[in-house]
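Hi,

Here is the structure I promised to pass on. Have a look at it first, and then read my notes below.

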Amino acid sequence: MAAGVEWTAIVLTCRRGGGVAALQRELELRRRRGALGRRPVLVLALEDPWAGVGSGGATLNAVLVAAEHLSARAGCTVVSADALKEARILILHTGREFSFDDCGRAFTCLPAEQPRAAAEALVCNLDSLLGTVTQRLCVGSPPGVWVCSTDMLLSVPSVPGIDWDGFQGVRVIAVPGSQAYARNHGVYLADEQGLVRDIIYKGTETQIQQCAGPDGTVPLVCGVVFFSSSAAEQLLATHVIPPLDACTYMGLDSGAPPIQLSLFFDIVLSMAGGMTEEDFVKGGGDASVRSARSVLWTALRAFPLSMACIPDASYDYLTTAASDHIRSLTLLPSSTSHLRFCKTAHSHVDPLLLEDGSSVTNCLLEGAVRLAAGSVIQHCHLQGPLEIGPGCLLTGLTVDSSPALQGCPLRDVVLQGHHVRLRDLPCRVFTLTGRLDDWQSPAEEATYLNISWAEFFHRTGIRKGDLWDAETPQKDRCLLSARLFPVLHASEALGLEDVLWLLAPAVSGERLARWRAAWRMSWQELLPCLDKAAELGARRDLFFLQGQHKVQCVLLGRQDGSLLPLIRSAVHEGYHEALLGTLDEVASTADDAGIAARALACIADVLGCMAHGEGGLRSGPAANREWASAFGRLESGDIAGGVRELAAERLKWMSSPALLVRAARHYEGAEQILIRQAVMSSCQFVTVCPVELPPLGHWVQVACPARLDLSGGWSDTPPITYEHGGAVVDVAVLVDGCRPIGARVRRIAEPELRLASLGGTPWGEAAVELVCRELGHLENYCQPHAPGALLKAAFICTQIVQFPSQKPLRDQLMENFGGGFEVHTWSRLPHGSGLGTSSILAGAVMAALYRAAGKVAGTESLIHAVLHLEQRLTTGGGWQDQVGGLVPGIKIGRSEARLPLRVEVEEILVPEGFARILSDHLLLVYTGKTRLARNLLQDVVRNWYARLPSIVQNADALVNNAEECARALRQGNLPLIGKCLDVYWQQKKCMAPGCEPLAVGRMMDALQPYVYGQCLAGAGGGGFLYVLTKEPQQKETLHQILAKTEGLGNFSIHSIEVDTGGFSMEVVGCDPNSSTHSGEDMAM
């Protein structure tokens, strides 16, 4: 929920027999979904103490119950008015029944979706009003009690402009409306200071004109009123004074006689400035109401009653006219609404079959279901072919109803399926009315199914006596009381066809006889029997059923829609098992490893949500032996079998949050296996050619530049790179005048592999040495933190060593090469530098290994070979690092959104001399912070698979910014390049929140006036910061600036230079430090 009022309590009132338990569950669900704010909020569904207590009595009862609960929370043993002093309470009245929604106007679903909501859910009028009141109307208001009706659609501007400075008393909210509309509604008469003089309901033309403003509009009563804390306390105090005590449950429990009060015409009107005590008290109907009004006058008269009329706000009362209701659901709401209506909301349907001006909400429409303009379908599961004509409203129909509808002409009708409970007997009842029918007009002057009752009787053979008892007065013989709708039959099951025949009655009269034999009820008789809990449950079932279809469409269609909000709702509402089943099915039947991987990632999200924030971090190890068999199937390519084994193993890990989180980690591990398989398709772009084998003992030495990523990083990361497409601008750079990364390889006589890391220089002492004499020594090549893992993986990926193999390592080496190999590697860069060290080093090692083994690979082949290696190594990197370090100069790498993954590199042609200019303006600043980015990749991939809208938009922006940066480089435009760097840094922070340490932020703030742009290299989090200075040669200047900046720690500044030569490879003699070369020297 957006920023707004944080409620202390929310109370939803309903009439007696209104399904209070079901409404309480609805409030609880909204609280769990986070729709009621961040703070713990008391939520109460409250049944009116009497059947006819009125909106005023319901308000007093709600204030009492809220105060009682808050008093108990505060440790009080009696109701204390102090509980209201700092409280913010919202009371929502559901009011009377509604002809077009069995759950009332509050739960009438609107054709809208909320894509930014944390959890996906149907949007009811209640939710719309909650958003309007919480995020707009109440912002800036003091503590107190807000009371709001739910019988209208209400839209207000995002900034309603209500002045709360020095507010006291009670305030009513009004919206401007036409004088014609006001004739059937209430309006406020206010003075120039905005104080209410009177409330006029269905006034005369003269009375309404008195209320008009300069623009001719009048302030309509819109059902919203605010009581300050002091006014609410005074109202609460009246609950113990007869006869007002009869409005509360306490009065009911004390045996007080019932009383009916209106919120506006009894409670609020007592404070209107134009009322006298005599007129006000006399205005009460009977003696008890007059007595109640006297008490209210005494208690509330001192409070000023002000009005806030909101310009550009709109108010639409939900009437019982079908035409009005259909119009409300098919016309766009006011431009000031926080909702945007759409043709299809939370529905699985072919949109091409829906005409503009129609509306479908919470439906599963399979096959050819055509819907004409001006028609609405809600909460229906239908199977085509069906034709729904204009002017129709269909709700609550199940797939079993489809055969009856096929071939039945529907036009200008309201067709509804209802859940009814007759004592303990649940049943389904269908009602059918016309769009133009009026519920309460006498039959002589009204219509049924849009034709006169006389015509209806003539067509069907139905008689008046079938519908109304003989003693029913003529004025009461109306559609509301007509026993039209079959409920039970002595010998046959009833269905939709038992009302549809009324549209086209059969000549034989068979349907008429069946209809007469059924026990029928009128709408008036059905209303008290409507089962709100069953109806809400059915809507929820259908919502998640169409949600399962949505999951299949999104995953199989490779759509960018986020499923995480739906996953959260499924977990909150207990539908996670059905969702897991659907995801299992998609993963096991997809013919694409990328689709299966995303489905497994969604399962991980379901399990993570089920832990409800407990059980530990989502990122963690995923190599428990219990999952090994399933992982093995996935590794072997048996995706369906692997998914089945994963699901079977999952059942053992569902009993606690800790186990759920660990299971989620293993599902992410399984997803990584499929990502690896997808990326390893790039090995088809690796080609090697045979060359002469270097002499035994002669070194092949490779030296590589580092890389700077100027824009587009993260878009090269699998699966983003092959699902979205990627573009990265990279520069190969010398650091402090040298190529900082290198490797050398030579053949040796002994049939073994000698692996040595030399630390920072090519001639340094070995920091780590390993000797591998058996294939078993290579087994941990896929564990990135194992000693020598990268070098072991390089031997396997270059196919110098076959692993696994029945042939021992010694035999392989002797047969193919006449001995073994010795490898030395080095990097002058610190660990976690962000300059692409590990991937570039992998490229250097593979280039040297290929050459030492009598082969040579081009740069494009090496780029893809490193991709393959890093997947085998399970580090899961992208391609930008090796592009940056292996391809010379300034370039842009691109990959299309497809498999197999292929990287194409384009040199960026810059103006002559610009590479030197760029080198003079670029500096590297070592931040002194080691980049701890081990889990950054997991988080980014998780968020991408969840298709969080911010991540999808950011992926688009990364690619666009890379192309913009390439254009700036071609122009030689330093300020524009700097702008791209700054944009890029913001994009990195969006992709991986938390990648800017505080010290780095201080450093960037200090440098900002002196640079065109700056960015942390790589994923961020530490390592090197690169800056594009406004003036050339600024190393000393920047050092002085940072030396004066507090809290930076150990930093250092390094010069960098664009390397236009590319990596070098040479075959030297047995002494790698010798300056005489016995072989070749080539720049790749």
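Predicted model: local features only at pLDDT ≥ 70, side-chain atom pairs only at ≥ 80, totals over all residues.

**What I found**

His 379 sits in the loop that connects strand 16 with strand 17. The phi of His 379 is near 55°, a positive value even though the residue is not glycine. Most residues other than glycine have a negative phi, and most peptide bonds are trans. His 379 also counts as buried, because its relative accessibility is 6% and the cut-off for buried is under 20%.

With a relative accessible area of 8%, Trp 714 is buried.

The bond joining Pro 718 and Pro 719 is cis, with omega about 0°. Another cis bond links Gly 384 to Pro 385, and there omega is about 15°. Pro 385 belongs to the loop between strand 17 (381-383) and strand 18 (386-388).

Now back to strand 16, for the sheet. Six strands make up an open sheet with mixed pairing, in the order 12-13-16-19-20-21. Strand 12 (344-345) and strand 21 (425-434) are at the edges with a single partner strand each, so one side of each has no neighbour in the sheet. Inside that order, strand 13 (residues 359-361) pairs with strand 16 (residues 376-378) in the parallel sense, over three bridges. Helix 11 (residues 322-330) lies across strand 13, strand 16, strand 19 (393-395) and strand 20 (413-422), and runs at about 80° to strand 16.

Strand 7 (residues 186-190) and strand 8 (residues 196-201) run antiparallel and are joined by five bridges. Gly 186 has Tyr 201 in strand 8 as its bridge partner. Five residues lie between the two strands, and in this hairpin Gly 194 takes a positive phi near 85°.

Helix 2 contributes Thr 59, Leu 60, Val 63, Leu 64 and Ala 67 to the contact, while helix 6 brings Ala 232, Leu 235 and Leu 236. Seven of the residues in this contact are nonpolar, one is polar and none is charged.

Which residues touch the most other members of the largest nonpolar core? They are Leu 600, Leu 753, Phe 821 and Leu 969, in a core of 233 residues. Helix 21 (residues 593-610) gives this core its largest share, 13 residues. A separate core has 73 residues, including Ala 112, Leu 153, Leu 422 and Leu 449. As for Leu 753, leaving out residues up to four places away in sequence, its contacts include Leu 770, Val 771, Phe 795 and Phe 821.

Happy browsing!

Terms used
Residues numbered from 1 in each chain as written. Heavy atoms only, no water. Contact = heavy atoms within 4.5 Å. Helix = DSSP H or I, 4+ residues; strand = E, 2+ residues; numbered from the N terminus. Nonpolar A, V, L, I, M, F, W, Y, C, P; charged D, E, K, R; others polar. Core = buried A, V, L, I, M, F, W, Y, C linked by side-chain atoms within 4.5 Å. Buried < 20%, exposed > 50% of the residue type's maximum accessible area, 1.4 Å probe, protein only. Pairing = 2+ DSSP bridges. Axes fitted to C-alpha atoms, helices over the stretch in contact; angles between N-to-C directions.
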